[in-house]
Amino acid sequence: MTVEYATERGPLRAVDDVSLEMKEGEVLGLAGESGCGKSTLAFSVLRILPKTAKTFGSLELDGENILKMDDSEIRRFRWKSVSLVPQGSMNAFDPVIPIGAQIVEAIKTHEDVNTTEAWQTTRKLFTLLGIPEDRVKNYAHEFSGGMRQRAAIAMALALDPKLVILDEPTTALDVVVQKQILALLRHLQKTLHISFIFITHDLSVLADIATRIAVMYAGRIVEIGPQEQLFSNPRHPYSKALISAIPTIDGPKSETKAIPGIPPDLISPPNGCRFNPRCPFVFEKCKQVEPVLEEVGSNVEAACHLLTMVRDRSS
Amino acid sequence: MTADLSSDKDILEIKNLSVNFVTSAGILKRNSVRAVDNVTLSIRKGESLGIVGESGSGKTTLARSIVRLIRPTSGQIIFDGQDIVDFYSRSLKEYRRRVQMIFQDPYESLNPRSRAGDAVEEPMMIHGLIRDKKLRKDRVFELLRLAGLNPSTVARKYPHELSGGERQRISLARALSLSPDLLIADEPVSMLDVSIRIGIINLMLDLKRTFNLSYLFITHDLGLARYFCDRIGVMYRGRVVELAATEDLLHRPMHPYTKLLIDSVPGRGQNGADEEGKVTADSSRPVKMDQISGCRFNPRCEYAQEKCREIEPDLVEIEPDHLAACHFPLNRAHSV
């Protein structure tokens, strides 16, 4: 799949030829820095990209091509099949309408139920999310940050979707609350058997939630594999650098190195591998040929000429 | 490595500092919030002191009152033997030359209509430091180079033409233009991408070694605090609840709140089944400070006892150089 934005300076490929599969019940972590295309990729699943965006390729959920749906189909599909917890949604509640009433309204917009039933569902959702039922009539200012985030998640779960996309759901929270929300999400995923796409710039959060992690750089997935593998044995030079750029509170206190340079301009990305101007292992081929995702270890795929070369030599 | 540079001489001493904010003022009643509550601590010469805590803990208010962007309600801030709380005009200006602040948001802390070179030059003009124009321009280039930038390409650019990392480097160059003794950095890298952050932090460490700078480093990120700081103070609802050397604090937290913070850091391999069962409910209504008696952490503390609900503990030295405000500190070296 490719997503292009029309800009004054020409087309900008925010997501460039990305292929990816997700199994049922999986928690896929989508990690990368700002501008790497992680949010664009996630928004394209819901078809809520701005009008300047053009999408190519195919995108299927349970065999149905989302990109080919017409307006009425997509309206039925959104929220019911796939829902979104947008970044900052915890601060998007209307301050003058009780939070419960806002969830009721959302349910009634999408489903043919009466008000009493919608309130019942809302109360159940509150309990499920660990918010006392009697707080449904409270206003946003009466909730703590953590509770508002729980309510935002409740809203996304209201219509029992198969897939929930969470965009930076814990970024604005304090660590103690973040930990509670992550535990809650793990619990929901296990009991409801839903799938999550968890978008974050903070790789360390994914260690507590994701089953698989895709690392994105400049519109492409550079590495994808099981969560444990990515942390214990990152393969792509970018994933490696990203992980070692995070100072930890355990283990030896070593000199942490920054990745030199800045991410490329996506209107005119560098030839060959997009990471090559910042890569410490760059060689001639990297500047000419763009690498594609290839299996470089058990269930681990990476887009790197060096890794492919090493693999081919050792086999 | 950094320890030998630090001497025990304090560069800044804060004594019983409190800052109140008036939340609503009526005719009969005046409500106020105590954002910083009776804080006493000192920053040693050549040291970087970290202040960690959650949002609303008062760490930013503390930083801002040190540079006198906020006027403290009571207490003393002693710099170079003088209490600066009542400084005004000339004395305040000279104090602010020596104590500079780096703000969190490099997008908002630079004037969008001022070129990078001018932003670095301006403080020197205001303080009348280098009066010769040519020499001053040379100094601007030198400062930009020190900040890891290429002066000839960057000096003429406007902030919007620069990346977040570059802007924060400009902020540093600007602060350094006045040859300060102490830098107050309020979450200086939290708005930047992970791959850029460490570059700025390493630069700040280099500058510290080169100029024997002292830092007050405000952050919510314990990993970063460990990487950068010699000592860490933990703030909770306006108070410093623990203060110790970095590794000591992280490996032997004495205050239950510090322990909670450390245990909450993500990615520390407790993604297991052990805590799967206890999905915590969140029913917290914001508890107002005047509703809490005794230790302010007691409603959340799993070790709280009767005494904790009655008497507020002071920050005291539990062991040499390890202070905690807790009646029943954890991890004591000689505990039975």
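Which residue in strand 12 of chain B stands opposite Leu243(B)?

Reply: Leu243(B) stands opposite Leu323(B) in strand 12 of chain B. The model is predicted, so local features are given only at pLDDT of at least 70 and side-chain atom pairs only at 80 or more, while totals for chains, interfaces and linings use all residues. Residues are numbered from 1 along each chain as its sequence is written, with chains lettered from A and ligands numbered from 1 in the order in which they are written.

Strand 10 of chain B covers residues 239-245 and is joined to strand 12 of chain B by three bridges, running antiparallel to it. Strands here are DSSP runs of E of at least two residues, helices are runs of H or I of at least four, and both are numbered from the N terminus. Two strands count as paired when DSSP finds at least two bridges between them.

Strand 10 of chain B also pairs with strand 9 (residues 231-236) of chain B, again in the antiparallel sense, over six bridges. Met235(B) is the residue opposite Val240(B) in strand 10 of chain B. Two residues separate the strands of this hairpin, in which Arg237(B) has a positive phi near 45 degrees. Six of the seven residues of strand 10 of chain B are buried (20 or more other C-beta atoms within 10 Å of their own; exposed means 12 or fewer, partly exposed in between, with C-beta atoms placed from the backbone).

After strand 12 (322-324) of chain B comes the segment that holds Phe328(B). Phe328(B) counts as partly exposed because it has 18 C-beta neighbours inside 10 Å. Apart from neighbours within four places in sequence, Phe328(B) is in contact with Tyr303(B) and Gln305(B), where contact means backbone-placed C-beta atoms within 7 Å.

Elsewhere in chain B, an open sheet of four strands has the order 2-1-4-5 and antiparallel pairing. Strand 2 (30-44) and strand 5 (82-83) of chain B are its edges, each pairing on one side only. Strand 1 (residues 10-25) of chain B is joined to strand 2 of chain B by eleven bridges, and Asn20(B) stands opposite Arg34(B) in strand 2 of chain B. Helix 1 (residues 59-66) of chain B packs on this sheet, touching strand 1, strand 2 and strand 4 (74-79) of chain B. The direction of helix 1 of chain B makes about 70 degrees with that of strand 2 of chain B (axes are lines fitted to C-alpha atoms, for helices over the stretch in contact, and angles between N-to-C directions run from 0 to 180 degrees).

For the chain as a whole, chain B has eleven helices and twelve strands. The radius of gyration of chain B is 22 Å, close to the 20 Å of the globule rule for 336 residues, so chain B is as compact as a globular protein of that length. That radius is taken over C-alpha atoms, and the rule is 2.2 Å times the number of residues to the power 0.38. Of the 336 residues of chain B, 44% count as buried. Among contacts in chain B between residues at least 6 apart in sequence, 66% join residues at least 24 apart.

Key
Contact = placed C-beta atoms within 7 Å.
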